[in-house]
Amino acid sequence: MNDADKKRLLREMIFFRRFEDRTFEAYMERKIGGFLHLYSGQEAVATGVLEKARTGHGTDNDYVITGYRDHIHAIKTGAPAREVMAELYGKETGSSRGRGGSMHIFDPTVNFMGGYALVGQPFPLAAGLAMGCKHKGTDQIAICFLGDGANNQGTFHETMNMAKVWNLPVLFVCENNQYAIGTRIERTTAVVDQYKRVCAYDMEASQHDGMDIDIVMEAAEKAIDFVRSGKGPYFIEFMTYRFRGHSMSDSKGYRTKEEEAEWEKRDPIKIYSQRLIEQGIITPEDIKAMEREIDDEIENDIVKFAEESPEPRVEDLDKYVLDDNPDPRWIGPLQK
Amino acid sequence: MAETAYWEAIRRAHDEEMANDPMVIAMGEDIGVAGGTYKATLGLYDKYGPERVIDTPISENSYTGIGIGASMVGMRPIIEIMSINFALLALDTLINAAAKIRYMSGGRVQCPIVMRTPGGTAHQLAAQHSARLARMFMSTSGLRVVTPRGPLDAYGMLKSAVRCNDPVIVIEHEQMYNLKEDIPEEEFFRPLEGAEVVREGTDITLIGYNYSVHLCLEAARRLEADGISAEVIDLRALKPLDRETIRKSVEKTHRVLVAEEDEAPVGVGSEIIATVNEECFYALDAQPVRIHAADVPVPYNARLEKAAIPSADDVYEGALKVMGKI
Ligand SMILES: Cc1ncc(C[n+]2csc(CCOP(=O)(O)OP(=O)(O)O)c2C)c(N)n1
Ligand SMILES: [Mg+2]
């Protein structure tokens with residue numbers, strides 16, 4: 001990876017942090033409604049894994065799917081940040097035309113196949129995307145990002161079993177931030193190291209530090225190569241931490257200030273900026289300038305686009321329920 | 001024309017659709033090597049191989065989800081759920097995902113899956129194998145729900161369901177798989193919308209779907225002997241519902257009865273009568289009647305089971321009541 005790429009990666013992670021911070025503000029101003037789950041603290045995971053996945057090829061990309069904490073995964077996969085912001089604003093120009101909101105970002109033009117609210121639901125959907133790739137004989141893979149809590153759903157076990165039996169090209173990325181809303185993992189989960197759980201399915205698995213993007217990229221590259229080469233599914237676990245509450249209504253009373261402070265020392269952006277400064281690739285002043293540039297882009301391009309975009313029309317309320325242009329041969333009505 | 005059993009009609013539709021489009025696959029428990037509980041995929045494993053006729057583990061929610069995921073990238077899975085009772089395990093991926101993905105993606109992603117499953121009572125299968133549940137799917141936006149009453153629709157609607165771009169639930173019936181009918185030997189399609197007047201009449205409209213159409217037809221024959229001319233409508237599709245055919249018939253007969261095998265509360269009959277109220281209330285000359293199952297889990301004991309489930313007798317007597325004869 002050359003210096004320009006390293007700078008770009010740092011810029012992306014800072015952008016993702018600022019993007020989420022800005023959605024927080026917009027939520028406070030009531031411009032964004034519903035549930036809003038922010039990704040701050042976990043940036044190195046999606047950024048690092050997707051850096052090593054095939055993105056930037058439009059519909060030849062790898063398929064990416066995740067839960068409700070999905071803004072950053074969508075953007076890193078290639079969804080325009082403006083459209084993601086417009087979706088949060090509920091606008092017609094949004095990724096999902098204002099019909100989905102924060103938890104349901106979709107962009108099939110880059111193979112981002114959605115954010116889903118039901119914990120654990122994307123496991124089988126991801127395996128299905130992978131089954132489609134395998135069936136069509138492409139070398140695409142499916143990548144499923146989910147939290148630690150999701151692994152206690154039945155879909156986890158059902159899907160790991162089928163993914164393995166059918167040798168599907170799917171990478172499961174477990175973002176272990178150690179909490180499911182306000183419940184710490186030990187209190188609900190018999191085996192705390194999540195990667196160990198898939199040994200029951202004889203699946204390849206590993207666990208890594210999720211706060212250091214270099215470690216994430218190295219591990220992800222190996223796992224992606226494994227899956228793409230047809231060797232079957234892979235389960236990769238990254239240890240990470242979310243810096244904000246679970247969603248907007250969370251006061252974080254379930255964790256100590258000391259614990260938070262410990263993890264903040266391992267802020268993925270700090271770790272990576274420090275490294276690039278030490279390597280002489282960037283200066284603290286460059287980073288300051290980068291931040292100003294990012295804030296300007298977010299404010300004057302992304303937020304502006306969202307604010308100025310039109311709302312969906314009420315007349316279009318029942319659009320997209322079923323196929324709006326069905327072939328009458330299959331649909332009807334019944335001819336006499 | 002060829003005399004064809006309901007199960008053979010489904011098998012033929014699978015075979016033709018799989019031959020027509022390599023993206024069509026079948027998934028379900030015991031459907032491959034074993035040929036399917038209802039023989040719906042008999043011989044297809046040998047013909048199309050294990051990658052296209054997939055024996056799944058007993059993991060309804062996730063294999064349905066895998067089918068949905070595959071459909072999002074262009075495949076056309078036909079998912080068999082061995083009994084509609086087990087479809088309850090798959091409601092998360094079906095209702096929370098398949099039914100909503102088109103909408104919540106703003107029309108950008110679709111899930112053209114078909115889920116086939118028998119709903120209905122057979123003989124003493126007891127409470128956990130006798131669910132009907134059509135009403136539950138009927139009340140879910142984003143799904144199509146069809147209820148073929150015989151081989152013609154079982155074949156023609158399954159073929160349409162595979163080609164249609166929406167998630168389609170095909171509700172079959174344990175007691176209809178061996179029902180026979182002459183159907184054309186050349187390929188044909190039957191649309192997924194539109195009720196059908198299967199018997200014309202002038203005095204009363206009997207409305208059924210799936211198995212209950214046969215109860216209505218039997219009752220209509222007996223009413224004829226009493227000098228009452230009953231029109232019978234097969235709804236065919238519960239979602240979207242063909243309100244027009246219902247309205248036209250009731251405006252002609254001025255009397256209506258709905259027969260369903262399910263329990264009454266918040267049921268198909270409730271919906272049809274509400275529809276009649278909205279479409280043609282002033283055409284009614286008599287209070288509508290619903291014929292339905294007793295509001296109990298289906299009992300094992302044969303006598304109790306019979307008492308719980310509506311019969312042609314019940315439809316006949318219900319019709320006499322609407323006619324003011326009892
Ligand atoms: C099926 C289901 N049950 C419960 C919830 C409520 N819920 C939303 S997020 C969440 C915790 C999930 O934790 P985890 O998988 O670790 O993801 P994280 O939020 O930490 O990223 C719960 C219980 C839900 N959305 N879906
Ligand atoms: Mg978590």
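Colleague: Which strand gives the largest share of the lining of the largest pocket?

Modeller: S3(A) does, with 3 residues. Bear in mind that this is a predicted model. Strand S3 (142-147) and strand S5 (179-180) of chain A each supply at least two lining residues.

Colleague: What is the volume of that largest pocket, and which residues are closest to its centre?

Modeller: The space in the largest pocket is about 470 Å³. There are 30 lining residues, and the closest to the centre are Tyr68(A), Arg69(A), Val119(A), Gly147(A) and His246(A).

Colleague: Now aromatics. Why is the pair of Phe15(A) and Phe19(A) called tilted?

Modeller: Two values describe such a pair: the distance of the centres and the angle of the planes. For Phe15(A) and Phe19(A), the centres are 6.1 Å apart, and the limit for a pair is 6.5 Å.

Colleague: What separates Phe15(A) and Phe19(A) along helix H1 of chain A?

Modeller: About one helical turn, because they are 4 residues apart in H1 (residues 3-28).

Colleague: Are Phe15(A) and Phe19(A) buried or exposed?

Modeller: Buried means under 20% relative accessible area. Phe15(A) has 6%, so Phe15(A) is buried. Phe19(A) has 0%, so Phe19(A) is buried too.

Colleague: What makes the pair of Phe281(B) and Tyr282(B) edge-to-face?

Modeller: The angle. Their planes stand at 85°, and the label needs over 60. The ring centres are 5.2 Å apart, so the pair is edge-to-face. Phe281(B) has 44% relative accessible area, so it counts as partly exposed.

Colleague: How do you know that the charged end of Arg222(B) sits over the ring of Tyr316(B)?

Modeller: That charged end is 4.4 Å from the ring centre. The distance limit is 6 Å, and the direction must be within 35 degrees of the ring normal. In chain A, Arg255(A) lies over the face of Tyr179(A), at 5.9 Å from the ring centre.

Colleague: Last one. Why is Asp234(B) called buried?

Modeller: Its relative accessibility is 0%, so Asp234(B) counts as buried. Asp234(B) is in strand S11 (residues 230-234) of chain B. Its side chain reaches the backbone nitrogen of Arg236(B) at 2.9 Å. Further along the sequence, its contacts include Arg149(B), Tyr209(B) and Val213(B).

Conventions: Residues numbered from 1 in each chain as written. Chains lettered and ligands numbered in written order. Predicted model: local features only at pLDDT ≥ 70, side-chain atom pairs only at ≥ 80, totals over all residues. Heavy atoms only, no water. Buried < 20%, exposed > 50% of the residue type's maximum accessible area, 1.4 Å probe, protein only. Polar contact = N/O pair within 3.5 Å; in protein donor to acceptor, adjacent residues only side chain to side chain. Contact = heavy atoms within 4.5 Å. Phe/Tyr/Trp six-rings, centres within 6.5 Å; stacked < 30°, edge-to-face > 60°. 1 Å grid on protein atoms, 1.4 Å probe; cavity = no way out; pocket = protein on both sides within 12 Å on 5 of 7 lines; lining within 4 Å. Points joined across faces, edges and corners; volume = space filled by probe spheres on them. Lists of a residue's contacts leave out its neighbours within four places in sequence.
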